[in-house]
Amino acid sequence: MARIVRHNDESVREGYGGKEVKLFTSALKAFQCNNRIVMAQRKHLDDFLRGRIIGRLECGRTQLEVSEELGIAQSVISRLWQRFQDDDGNVSRCYSTGRPRVTTPNEDRYLAVTAKRNRRSTASDLSRQLSSATGTTVSRQTVYRRLGHIGLYARTPVRCVPLTATHCRLRLAWSREHALWTPQQWSCVMFSDESRFSLQSDSRRTFIWRAPGTRYHQENTIERHRYGGAG
């Protein structure tokens, strides 16, 4: 193999012609430039450096030459030059003007804990509790977003008939006793309509805070004497 020597700060391969030496030198410079780019700390380009890049490109320098000279990735220079051409010469950095976050992480945790302790509390209730506890005033939509980030959403609870332990035991015994009845045996039973009445209010507009997949958890159900069916 040919031996690499240093001569006047240029890499020369003994035993090769001038064309091979130029190709090897270009490849070595590109490799060194890429190493400087990777090792350099990433930071935004200031307006002065942007102007230097555009000035060199307008003077006829190639993007690769500017990249090697300034130690900046060629893709960055390419995007900057494209923006300079598309935006009538404007290359200043665009700063975002988003609205600052109203609540702190501690206040977000307070909302989550309060909603889990009282799952039937509304977003307005949680907003008032947060305001009285921390002095931070937020809207109902902000409460919805903060709870949605942790997987809590307003959903209607599952309704079930309130049963005591005795009710459950007697119903299970009756079901097991009649599980093997034939149609002839059931034909001797007379079914009558039942009138239903409500002992408690059953507003369908009541919501609870729950996570997906926890619909039938005990804390997400509500007991009501009134239930659907013909009356």
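A residue counts as buried when its relative accessible area is under 20%, as exposed when that area is over 50%, and as partly exposed in between. In this predicted model, 23% of the 231 residues of the chain count as buried. The chain has nine helices and six strands.

**Whole chain**

- The accessible surface of the chain comes to about 17700 Å², and carbon and sulfur atoms account for 52% of that surface.
- Among contacts in the chain with a separation of 6 or more, 58% are between residues 24 or more positions apart.

**Nonpolar cores**

- The largest nonpolar core has 12 residues in all, including L45, L49, I54, L57, W81 and F84.
- Three helices each supply at least two residues of this core: α2 (47–58), α3 (63–70) and α4 (74–86).
- I53 is one of the residues of this core. Leaving aside neighbours within four places in sequence, I53 is in contact with L45, V66, L70, I72, I77 and L80.
- Another core, of 10 residues, lies apart from the largest one. Among its residues are L111, L130, V138 and W209.

**A nonpolar patch on the surface**

- W181, V189 and F191 form a nonpolar patch on the surface. Together these residues have about 300 Å² of accessible area.
- W181 sits in the loop between α8 (165–177) and α9 (183–186).
- The relative accessible area of W181 is 31%, so W181 is partly exposed.

**A buried threonine**

- T142 is part of helix α7, which covers residues 140–149.
- T142 counts as buried because its relative accessible area is 8%, and the cut-off for buried is under 20%.
- The side chain of T142 makes a polar contact of 3.1 Å with the side chain of S139.

- Side chains of opposite charge can pair when their charged atoms come close.
- The count of salt bridges comes to six.
- D108 forms a salt bridge with R101, and the closest N and O atoms of this pair are 2.9 Å apart.
- D108 also forms a salt bridge with R146, where the closest N and O atoms are 3.4 Å apart.
- The pair of D108 and R146 links distant parts of the chain. D108 is in helix α5 (residues 105–117) and R146 is in helix α7, and the two are 38 residues apart.
- D108 has a relative accessibility of 18%, so D108 counts as buried.
- R146 counts as buried because its relative accessibility is 10%.

**Salt bridges elsewhere**

- D125 and R128 form a salt bridge, with the closest N and O atoms 2.3 Å apart.
- Both D125 and R128 lie in helix α6 (residues 123–134). They are three residues apart, which is about one turn of the helix.
- D125 counts as partly exposed because its relative accessibility is 25%.
- R128 has a relative accessible area of 53%, so R128 is exposed.

How values were computed: Residues are numbered from 1 along each chain as its sequence is written. This is a predicted model: local features need pLDDT of at least 70, side-chain atom pairs count only at pLDDT 80 or more; totals for chains, interfaces and linings use all residues. Side-chain values use heavy atoms; hydrogens and water are left out. Patches are made of residues with over 30% relative accessible area and no salt bridge: like charges are joined within 9 Å, nonpolar side chains (Val, Leu, Ile, Met, Phe, Trp, Tyr) within 5 Å. Accessible areas come from the Shrake-Rupley method with a 1.4 Å probe; for residues, only the protein chains shown count as cover. A salt bridge is a side-chain nitrogen of Lys or Arg within 4 Å of a carboxyl oxygen of Asp or Glu. Helices (H or I, at least four residues) and strands (E, at least two) are DSSP runs, numbered from the N terminus. Buried means under 20% relative accessible area, exposed over 50%, partly exposed in between (1.4 Å probe, protein chains only). Contact means heavy atoms within 4.5 Å. A nonpolar core is a set of buried Ala, Val, Leu, Ile, Met, Phe, Trp, Tyr and Cys residues joined through side-chain atoms within 4.5 Å. A polar contact is a pair of N or O atoms within 3.5 Å; within protein, one must be able to donate a hydrogen and the other to accept it, and residues adjacent in sequence count only if both atoms are side-chain atoms.
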